[in-house]
Protein chains: 4
Amino acid sequence: MASQRNDSLKHKLYSIIFEAETPSGRTFDIILLIMIVASVVVVSLESVVSLRREYLHVFQALEWTFTILFTIEYFLRIYSSERPLRYIFSFFGIIDFLAIIPTYMSLFVIGSQYLLVIRVFRLLRVARIFRLTNFVNEGQVLTKALRASLTKISVFLGVVLMLVVVMGALMYVVEGRASGFTSIPMSIYWAIVTLTTVGFGDITPATPLGKLLASCLMIMGYGIIAVPTGIVSVELSRADKLDATSRVCPNCHKEGHSSDARYCDNCGFPLRRLAE
Amino acid sequence: MASQRNDSLKHKLYSIIFEAETPSGRTFDIILLIMIVASVVVVSLESVVSLRREYLHVFQALEWTFTILFTIEYFLRIYSSERPLRYIFSFFGIIDFLAIIPTYMSLFVIGSQYLLVIRVFRLLRVARIFRLTNFVNEGQVLTKALRASLTKISVFLGVVLMLVVVMGALMYVVEGRASGFTSIPMSIYWAIVTLTTVGFGDITPATPLGKLLASCLMIMGYGIIAVPTGIVSVELSRADKLDATSRVCPNCHKEGHSSDARYCDNCGFPLRRLAE
Amino acid sequence: MASQRNDSLKHKLYSIIFEAETPSGRTFDIILLIMIVASVVVVSLESVVSLRREYLHVFQALEWTFTILFTIEYFLRIYSSERPLRYIFSFFGIIDFLAIIPTYMSLFVIGSQYLLVIRVFRLLRVARIFRLTNFVNEGQVLTKALRASLTKISVFLGVVLMLVVVMGALMYVVEGRASGFTSIPMSIYWAIVTLTTVGFGDITPATPLGKLLASCLMIMGYGIIAVPTGIVSVELSRADKLDATSRVCPNCHKEGHSSDARYCDNCGFPLRRLAE
Amino acid sequence: MASQRNDSLKHKLYSIIFEAETPSGRTFDIILLIMIVASVVVVSLESVVSLRREYLHVFQALEWTFTILFTIEYFLRIYSSERPLRYIFSFFGIIDFLAIIPTYMSLFVIGSQYLLVIRVFRLLRVARIFRLTNFVNEGQVLTKALRASLTKISVFLGVVLMLVVVMGALMYVVEGRASGFTSIPMSIYWAIVTLTTVGFGDITPATPLGKLLASCLMIMGYGIIAVPTGIVSVELSRADKLDATSRVCPNCHKEGHSSDARYCDNCGFPLRRLAE
């Protein structure tokens, strides 16, 4: 009897904590969203010297409040889930754990509380609130397109890395220590800063030959940005088309009806509704 | 009788001020365009110390002239419009109001006259002059494409914001105050400067680990620019296709049928053939 | 008789100077190409202080040699062309004139010889050498695509300019003179540097609010680069398709055959050859 | 008899060194991959002053070990290949040679060992390991698309170079030596830094006119990045379509027919239907 009551409590907790469709589940997720954002803001503001000097106790009180609440939530999640171990070692389980541990660590290691910003990853979980809108769906289209272009992008990144290593070494030989190119790793860092068109300007070439090489690197960086852009455009446009061509007319078999079409635009036959 | 004459005056004013198709309406709009640009230029030049010292009185005279003229125009707009309140609280009504108020404010608050540059937004209103060309139409295609890709771009921006917060906090822990990463908000600002490939160079990493993290952030920023570009390309190409075929169903009035459609995909009614 | 000999000389000169298909015409163009590049290099090197000190006489001798040769060429072009006035006021006629005048001007105005780099535009003329390859054709596809997207890009540039003026004025009010935002034009310059992700770092925001505004501007600049890219992609892809769809099968009327196709890929009927 | 045993050894060596499909060949390639990466890391770390001071002997020992192993590999490659001269003067033969020579040179010329980073190009050779995945295939699609857009990109680069030379000369005349524009080549370097949106900030315009010109250059740079991006997008999308349909004509063996083609567009022969 007690076990049954226990089970029903567990089930109720599960529906509140893990689900977002029920009213109580949604309320829980919205409160969680606000708390996560607030706790990240608190950690960020605490790092500002002038603010910490004045409001140190307020910050610490808030931090411990958030941490204790998140700890309770963590254990409730373990308690209410069917297979606790599976939750603990899932992606979100690990994020939830890493989001509370730095505060406890800060009792022993000074400064570790700044790692609390890992909490920002918890926001991913609350993306479920937006499930009613088409946010998640759009995210999936993006993810699918990016995954499809992964090998192309890896080839591209490999070429970029080689280019950066070789140009870095060349610049080290050409410019030398006087201009700030103090070592090959430093020169590779400079080559990355230049190729990606960031251009901090903390290290700049001083010799004519160095400037010529830098110019080539810049024009290359300016041009090859076109490659990943082209790759993603093509993949997104393909993902987009697949999305559209999945509907077939049962009468004339014409494909590619848009998702809000109700009749075939070729023969006028009513289309089947999309599965929901 | 007086009321009727009044009404006819109101109507005439309305056609001059709010419309752009009539010759007098166009002349009014072109004068307005020149005055808005001139008033923005005056405010900008006034802020240059060396010019203000010499021509202060000229600038102030011009500024008050423009403001008084714009104030008269504002009240004429209220007077001549059918539903004055609707104009006052419309987008352009608010812009028109904000464009005149700073000069009056400058009598009480020093420096507020620089907010007059809000006037530049009034130029949007004069975009109607170009209605005869296809400027407005092109602007609508762009706006439609951007609106269609809004959710995808929001997902993208959300991921960028998370990345920037986490990288900022990491850099704060790794680099510390010595290199200029004085707080987490400061480090987040640096991460934005770096990810967007702006790279001011006012803050730069000094430690090897910091440089490694910065390199990753730069390559990410260089790569993920491909995502919004791909999104907008696909949406523009889709908006482009729809635009070419503004076919309307004669039964349910649904727009945007593709050029080879023979039946309305909303109600199944046969569409008229395209003129050839 | 003399007139006829004169005419034949004129004709011969014309075919050497203005045409590129004949062997002598091609030789002339290649020599011209080398001379133009050489003269630009000479002007550039002359501006380097250390080189000028040593080789001033060499540079001046070369410069006058090139100028006199180009002057002779200019008058030969006028002499040999059918309608001299039409050449003089054509795009290339003006460029040819501007390319020789600075050397003569340098006798009176010091420093004006640096304007000789206008000569680099003469290279456009020699693009005809490459006519045998498909360089010019590709250039035309690019130009057509860019012209088609001109109105869209104008709308985009208009929005960018407004954004930059308003953000510049806001930064001027927020940051003030202390951080280097000494006037509104200066702040607009800063806003352009930031929005285009160039980021020189000569002026950077110092206040928290200024950094927040700058962050928004950077993210906007990072995002809206997608718009012109998308526009050009769509136009290029359309220009590309038009290029392909101009061939129609005379038997089954299927369109879109590639330029090297000899038979219709739908019905196997031989296609008409492309006009050459 | 000896010659035959020799031949079999040669054949076995060839299959280990040049092939990647056999287990021994793959093991060889993976060891090679690790050694190449390790040797590049050693050269890079050796250039760091603080590390060299302490571990000079370790670095030198490792460098000579790698060089001797690579030398042995080089001679085994010459020995085992059918036509040694063809290997020596092939792309990879030259890379392999350049990858070992700097260490021997460093006995005579100080600093030349840094050229050892050329070794990173040897990684290209080991790309064969990934042949089992679709890495190489994707690389070929990218290469094909880039080669197809080569002429378009050359036209684009030509225009960029002209722009940069003219703007550089103009800035030299406008800004002069005081702001760091010490010569035309220096100003061209600055124009490249600015147009590519790198923006080091080591040289920045100081006069109002210079800032105006710089603003134009930045907006141009921001806009024309759209051109190569559009070109690559279109070519990639075309390469992508051709790739999807590697249909070959059974009569004339022409490849690359589109998926809905029913007849070969080169000889008019009926194509086999696609397997479904």
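A cavity is a set of points, on a 1 Å grid over the protein atoms alone, where a 1.4 Å probe fits but cannot get out. The model is predicted, so that local features need pLDDT of at least 70 and side-chain atom pairs count only at pLDDT 80 or more, while totals for chains, interfaces and linings use all residues. Residues are numbered from 1 along each chain as its sequence is written, and chains are lettered from A in the order in which they are written.

**Exercise 1.** Find how many cavities of 30 Å³ or more the whole structure holds, and describe the lining of the largest cavity.

*Solution.* A search of the whole structure gives five such cavities, where a volume is the space filled by probe spheres set on the points, joined across faces, edges and corners. The largest cavity has about 280 Å³. Its lining (residues with an atom within 4 Å of a point) has 23 residues, and those closest to the centre are A:Ile225, B:Ile225, C:Thr197, C:Ile225 and D:Ile225. By class, the lining divides into eight nonpolar, 15 polar (Gly is among the polar residues) and no charged residues.

**Exercise 2.** Describe the contact between chain D and chain A.

*Solution.* Begin with the residues in contact (heavy atoms within 4.5 Å), which number 44 from chain D and 41 from chain A. Next, the buried area (accessible area, with a 1.4 Å probe, that two parts lose on being put together, summed over both) is about 3,600 Å², and carbon and sulfur atoms give 76% of this area. Finally, the count of salt bridges (a side-chain nitrogen of Lys or Arg within 4 Å of a carboxyl oxygen of Asp or Glu) between chain D and chain A is zero.

Methods. Side-chain values use heavy atoms; hydrogens and water are left out. On a 1 Å grid over the protein atoms alone, a cavity is a set of points where a 1.4 Å probe fits but cannot get out, and a pocket is an open set with protein on both sides within 12 Å along at least five of seven lines; lining residues have an atom within 4 Å of a point.
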